[in-house]
Each structure stands twice: as structure tokens, then as C-alpha cells.
Amino acid sequence: MVLINLFLAFLRVGLFAIGGAYSFLPLVEKEVVQRYHWLTREEFLDVQGITQVFPGAISIKYATYTGYKMGGFLGVLLANLGNILAPTLLVIFASVFYTKYKNAPSFKGAFEAIRFCVFAMIIAVAFQTVDMRNLIQFRSILIVVLSLTLFSFTKVHPAIIIILAGILGGIWK
């Protein structure tokens, strides 16, 4: 039953992970922490830290970690299959639909509203991932400001910014 639930939980995540990246973390948390109790809240946040270190899609890393913890390698396969099945099928469907209706005003309006919704969820998740007591320290403010500046106003690759922040954090603790 756990293997089926892994597949279904990550199928739901993949189905509703509109906007990708951090916008779907509340969905993952709802499934793996609140609904099935596969991870504790602390473990969820620890895995989130791990996901920021390794390349690739965050949902795949959560599916892999949770799948392995709950069902070994078969759990990894089923969780990841569930995770990618819905978006794959939806993108195929949307590609056909988009080419036909991309200029319709209601279609454009719907996607604009979805973008703002995803923007709000990303901001909410950003605040959830940071201990606010640490955020008010000079070191943290400096890293946030430098990272935001480099990302917004230069052509420095985001991976380089992350590596530099890690080096600065490792040196200046």
C-alpha cells in the first residue's frame, strides 16, 4: 500500500505543481508530512536544504528521498513516475491546445493570473525556508543583498552565485 500511496502522492504533486520550483513545496509538505507522515516537518526542511545543494528538479529530489525512505529503490521509481507522469501528459495536451488558442484573451488572462498566484506562493515558501532570527543578522542580510544584486543586475550564472554564497557562508560563520 505504501508504494501505491507514494505513486499517488507524487502524482498529485506533479499534477498541481504549477509554476515549478518552490511554488509546489506546500503540495509536497501536505502529502509527505501532513497526510502520510512519511517525513517530519524537521526532516522536510532538512531535505529542502539538501535539494538546494544538488542540481535538478526539487520535486524529483523529494520523490527520490521519500520514495527511498518508504519503499527502497522501487519506492524511488514509483514516486518519480508519479511525479513526472501528469506534467508530461499535460504538456503534450497543452502543446496542442496552446498552438490553437494562444491568442485568445481569456487564455492569456488565465495564465497571467496563474503567474501571480505562483509568485505569491514562491514568496511564502521563501519566508518559510528561512529562520527569521537568522535573517536579521548582518551576514545573512549581506548574502541576500549580494545574491539578489548579482542575480538581478549581472549576467553571473545562478550556479556561480550559489557556489559563492556557499563559500562565503563556509568562511564567514
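In which helix is the place of Arg115? Arg115 lies in helix α5. The model examined here is predicted. In this model, Arg115 has a relative accessibility of 55% and therefore counts as exposed, the cut-off being over 50%. Its C-alpha atom is 23 Å from that of Tyr62. In sequence, Arg115 and Tyr62 are 53 residues apart.

A second residue of α5 gives a contrasting picture. Val125 also belongs to this helix, which covers residues 105-128. With a relative accessible area of 3%, Val125 is buried, because the limit for that class is under 20%. Phe24 is 101 residues from Val125 along the chain. Even so, the C-alpha atoms of Val125 and Phe24 are separated by 8.9 Å.

The overall architecture was considered next. The protein chain contains 8 helices and 0 strands. Its pattern along the sequence reads α-α-α-α-α-α-α-α. Along the principal axes, the C-alpha atoms fill a box of roughly 50 × 45 × 25 Å. The chain has 173 residues, of which 25% count as buried.

At Gly71, α4 bends by about 145°.

Two packed helices are described by the angle between their axes and the distance between the axes. Helix α1 comprises residues 2-16. Its axis and that of α4 come within 7 Å and cross at roughly 40°. This angle makes α1 oblique to α4. The crossing of these two helices is right-handed. By class, the contact of α1 with α4 holds 19 nonpolar residues and 8 polar ones. No charged residues are part of this contact.

Helix α3 packs with α4 as well. The angle between α3 and α4 is about 130°, and their axes are 10 Å apart. The two helices are therefore oblique. Their crossing is right-handed.

Helices α2 and α3 form a further pair. Their axes come within 10 Å. The crossing angle is roughly 140°. Helix α2 passes α3 in a right-handed crossing.

The loop between α2 and α3 holds a backbone feature. Helix α2 covers residues 25-35 and α3 covers residues 41-53, with His37 in the loop between them. Most residues other than glycine have a negative phi. Phi of His37, in contrast, is positive, near 60°. His37 has a relative accessibility of 61% and so counts as exposed.

Taken together, the residues described fall into two accessibility classes. Arg115 is exposed, and so is His37. Val125 is buried.

Key: Residues are numbered from 1 along each chain as its sequence is written. This is a predicted model: local features need pLDDT of at least 70, side-chain atom pairs count only at pLDDT 80 or more; totals for chains, interfaces and linings use all residues. Side-chain values use heavy atoms; hydrogens and water are left out. The bend at a residue is the angle between axes fitted to the seven residues ending there and the seven starting there. Helices (H or I, at least four residues) and strands (E, at least two) are DSSP runs, numbered from the N terminus. Buried means under 20% relative accessible area, exposed over 50%, partly exposed in between (1.4 Å probe, protein chains only). Axes are lines fitted to C-alpha atoms, for helices over the stretch in contact, and angles run from 0 to 180 degrees between N-to-C directions. Angles under 35 degrees count as roughly parallel, over 145 as roughly antiparallel, 65 to 115 as roughly perpendicular and the rest as oblique. A crossing is left-handed if the near helix is turned anticlockwise from the far one by less than a right angle, and right-handed if clockwise. Ala, Val, Leu, Ile, Met, Phe, Trp, Tyr, Cys and Pro count as nonpolar, Asp, Glu, Lys and Arg as charged, and the others, Gly among them, as polar.
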